[in-house]
Amino acid sequence: MLSIPTNQSLPRAPQLVTSLPGKKALAIVERDRTVTSPSYTRDYPLVVARGEGCMLEDVDGNVFLDMTAGIAVTATGHAHPEVVKEIQSQAARLLHMSGTDFYYEPMVELAEHLAIRAPFPHGGRVFFTNSGAESNEGAMKLARYYTKRSLIVAFLGAFHGRTYGAMSLTGSKTVQRAHFGPLVPGITHIPYGTHASLDHLEQQLFNTILPPHEVAAIIVEPIQGEGGYIVPEDGFLARIRDICNRHGILMVVDEVQSGMGRTGRLFAIEHWGVMPDIITTAKGLASGLPLGAILARPELMTWPPGSHATTFGGNPVACVAAITTLRLLDSGLMSNATQMGELLKAGLTKLHEKFPRMSRPRGIGLMVAVDLFDADGNYDIRLRDRIIQSAFLHGLLLLGCGKAAIRFCPPLVIEPDQIQTALDILAEILHLERE
Ligand code: PLP
């Protein structure tokens, strides 16, 4: 049974009551402009006041359909009542006690759930973090610690986060690196998703500049996220597993965006039946509270007390939110992600047939993207950005990714009528573009 709350008070489709941005939104954007970091990337002036399921209301009372989930985070929808109830009751009991130095049950219980669910042969062990970057940072340390090797292979187009280790693993955009060097040494980036790239790794790099017996880890997103929701070629992930096996390298899978049910499985890697050594997660894990985790095969977690820790990671309130999230994923949301993803892709395919400058959709579950092209078949970033802006003005929230892609990563509670509303708005915008 699908656990979608029925007592929602916001409308199920966009409802705009002011021009955008409204007066209150504009005032907050103005205040923000003078006091927050200019490094944030706001594509449009959405100032959110509250959320329910897939709907968001801004400070002026405008209601939006959210196909972003706060960048693939609110897996169970905005403010799922069961998640909120558990958060409230945990918050009233205990807000913090640092799982690094003390024990509390929600942290142990969540670790038990994740250890059983991780696609490892014999269970897992869990280290809790506060974010995706921190998960990848820790995974990199664990891989180096366990293997006593220093080199790492990562992929062009990958996004692993903004801290020094994670930024050094990231191969996404130059703006994310420029003037921040020197970065962490020992990381080699190769093209993502193709056998040709792995041929190059094995036949060229491993014989010239990258001794495989000094490589600690290959870190890979099962579906590249910020890179454009790219699904790799068949056999790509299994071949990484094989390369790792042959050279004693650890396979680290970054499931920060693709995990927590978004693709219809708890972890996207499960679609390929490949067992990694380490999994990193965050985003959807606690439905919106900051929580991440490093899951590892038990025998890999050999680092001794004091070698890695964090004050807030595994906070009790975030842990109960995650336990509830897992329960809701199992009680229908993961299968809903599969069904709604198929519906969305079918609708986008029809739109592509009418408007060929939008590509066919790609992706799995509710991790779906389309590219936009100009009349000569080149990626058209301006068209992509215009569509995203126009969607906002129509009450539909979208995000870009990749070279010129629009991604669809709504909360997993989305229902057929809302998929249809999103498709109808997009059709209207594409129609206007064609005129
Ligand atoms: N890894 C992947 C695949 C991501 O998509 C992201 C964020 O978009 C990160 C890591 C970094 O996560 P965070 O922003 O929580 O540090």
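Reply: Happy to! Lys and Arg count as positive and Asp and Glu as negative, while His and the chain ends are not counted. The place of a charge is NZ of Lys, CZ of Arg, CG of Asp or CD of Glu. This is a predicted model, where local features need pLDDT of at least 70, side-chain atom pairs count only at pLDDT 80 or more, and totals for chains, interfaces and linings use all residues. Residues are numbered from 1 along each chain as its sequence is written, and side-chain values use heavy atoms, leaving out hydrogens and water.

Me: How far apart are the mean positions of the positive and negative charges?

Reply: The protein has 38 positive and 43 negative charges. Their mean positions are apart by 2 Å.

Me: How many salt bridges does a search of the whole structure find?

Reply: A salt bridge needs a side-chain nitrogen of Lys or Arg within 4 Å of a carboxyl oxygen of Asp or Glu. Searching the whole structure with that rule gives a total of 21.

Me: Which residue forms a salt bridge with aspartate 417?

Reply: The closest N and O atoms of this pair are 2.7 Å apart. Aspartate 417 lies in helix H11 and its partner in the segment before helix H1, so the bridge ties together parts 405 residues apart in sequence. Helices here are DSSP runs of H or I with at least four residues, numbered from the N terminus. The partner is arginine 12.

Me: Is arginine 407 buried or exposed?

Reply: Arginine 407 forms a salt bridge with glutamate 226, at 2.9 Å between the closest N and O atoms. Buried means under 20% relative accessible area, exposed over 50%, and partly exposed in between (1.4 Å probe, protein chains only). With a relative accessible area of 3%, arginine 407 is buried.

Terms used. Helix = DSSP H or I, 4+ residues; strand = E, 2+ residues; numbered from the N terminus.
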